[in-house]
Amino acid sequence: MKTDAQLVRKIIKSKSEYEVMLLVKRHETSAFNLALRTLGVREEAEEACQDGFIKSFLELERLEKPEKYKSWLLSIVYRKCIDRLRLKKHHFVDIQDVALEPELYELPTSFSFSFNEELSLAIQKLSEVDKALITLYYTEGYNIKEVAKITELSESNVKIRMMRARNELKVLLLKGEIKR
């Protein structure tokens, strides 16, 4: 299996559609999850991902370290999400909207309300930036330095926001006010 760096170099050299498809398939889930957590609306997330992939391929020659394609792509997708939020004047997702559309978040339909479901709904109550930070750090496995680079926040700001987000999640979960 080719590495991201090999695929990027091949795309730059020969404009290979096959390698473009491989990169998209490899990273579409990560990009979509980040966009969905940030925007909260499936259609908006899909559009932000498409915009992010298109921009990444149009500017691929500017990528200095091809092995860092994924984090570079996620930073583009994240900025596309923030741009969409700015255009919508910071439209926030209401937790009741989430409860009405559980299939959007692929929550199990079982009657029991598991901790993972509760945590997922609690994360949706965070600000868009905090949702993205939590997703990048815990779901995608990026370290603080990488999260800072992707979100264009300082490392200390990422640490502070992550601490506050974890505390907010703790309070939400301990209160037990999160309902499906």
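I number residues from 1 along each chain as its sequence is written. Since the model is predicted, local features need pLDDT of at least 70 and side-chain atom pairs count only at pLDDT 80 or more, while totals for chains, interfaces and linings use all residues; side-chain values use heavy atoms, with hydrogens and water left out.

**H27.** Is H27 buried or exposed? H27 is buried, because its relative accessibility is 4% (buried is under 20% relative accessible area, exposed over 50%, partly exposed in between; 1.4 Å probe, protein chains only). Skipping neighbours within four places in sequence, I get contacts (heavy atoms within 4.5 Å) from H27 to D4, F53, Y69, K70 and L73.

**A35.** A35 comes out buried, because its relative accessible area is 0%. With the neighbours within four places left out, A35 touches G40, A45, A48, C49, V77 and C81. I also noted 9.5 Å between the C-alpha atoms of A35 and I82, which are 47 residues apart along the chain.

**K68.** Where is K68 placed? I find K68 in the loop between α3 (42-58) and α4 (69-87).

Conventions: Helix = DSSP H or I, 4+ residues; strand = E, 2+ residues; numbered from the N terminus.
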